[in-house]
Amino acid sequence: MQKDILIKYILGIADNSLILGQRLGELTGHGPTLEVDIAMTNISLDLFGQVRSYFQYTAQLSEEDKTEDDFAFLRKEREYINVLLVEQPNRDFGYTIARQFLFDHFHFLFLNELQNSKDKTLVAIAKKSLKEVSYHRRFSSDWIKRLGDGTEESKRKIQIAINDLWRFTEELFHQTNADVEAIKEGIGIDTDKIKAKYLENVSEVLAEAMLEKPDLKFFQEGGKKGIHSEHMGYLLNDMQYMQRTYPGMKW
């Protein structure tokens, strides 16, 4: 498989965790309780740890003189290929949990399948990450149930968040050209094969939480093609500030 296509495929995986990790990092010190604050900060750190493994691998594959920091901080907005879901802002705790929940269930199923890849490095990353993402999925699912089956206000807010964010879920399963090529080589994951299980698992949690699964016919997409929402530019401005201001700095 051509290295540039493999790099593109890996970036498609890594960017989701990178951007979601950045979003969660914005909440450090702002959680509704100390326990939740620490938990969400740890989830952010888990995601960044996974991202480092992916970017270190892409740096090894790259024929250019690039480091993991170059892939993380020195790309332009259109060069990030994360799904739109993970870049949505932290409007309130309900939105944060709903976004996490909708991604976690996909992420868990994806990593579980990635363990069968022919690429040994991706297999190793998947096996390590799966243990962490298993906790992420449990954490967000438990909060969906607590908020949905809680007070009238918590139920109202989490339902609004699920309704608003649901339109981004279809893009999780869209396949880019790099995805298609990686699947042909036995390296990538055919996301079509996990879609039914994803909907089943998510629906089961929503039902237990006394929440309704949105019934939409039209979904938003574009992130995997580098076409992002208006929120992405602000996020990157914060995330890239130090590297842009002090080029080549090392911690």
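In the predicted model, the largest nonpolar core comprises 75 residues, among which Y9, Y54, F110, L114 and I144 touch the most other members. The greatest contribution to this core comes from helix α4, spanning residues 93–114, which supplies 12 residues. For L114, one of the residues that touch the most other core members, the contacts beyond its neighbours within four places in sequence are with Y9, I13, Y54, L122, V123, A126, I187 and I189; Y9 and Y54 in this list are themselves named among the core members with the most such contacts.

The packing of two helices is described by the angle between their axes and the distance between those axes. Helix α4 packs against helix α5, which covers residues 120–148, at an angle of about 145 degrees and with the two axes 7 Å apart, and the crossing of α4 past α5 is left-handed. Sorted by class, the residues that form the contact of α4 with α5 are 16 nonpolar, nine polar and two charged.

When residues up to four places away in sequence are set aside, S154 is in contact with R146 and L147.

Key
Residues are numbered from 1 along each chain as its sequence is written. This is a predicted model: local features need pLDDT of at least 70, side-chain atom pairs count only at pLDDT 80 or more; totals for chains, interfaces and linings use all residues. Side-chain values use heavy atoms; hydrogens and water are left out. A nonpolar core is a set of buried Ala, Val, Leu, Ile, Met, Phe, Trp, Tyr and Cys residues joined through side-chain atoms within 4.5 Å. Buried means under 20% relative accessible area, exposed over 50%, partly exposed in between (1.4 Å probe, protein chains only). Helices (H or I, at least four residues) and strands (E, at least two) are DSSP runs, numbered from the N terminus. Contact means heavy atoms within 4.5 Å. Axes are lines fitted to C-alpha atoms, for helices over the stretch in contact, and angles run from 0 to 180 degrees between N-to-C directions. A crossing is left-handed if the near helix is turned anticlockwise from the far one by less than a right angle, and right-handed if clockwise. Ala, Val, Leu, Ile, Met, Phe, Trp, Tyr, Cys and Pro count as nonpolar, Asp, Glu, Lys and Arg as charged, and the others, Gly among them, as polar.
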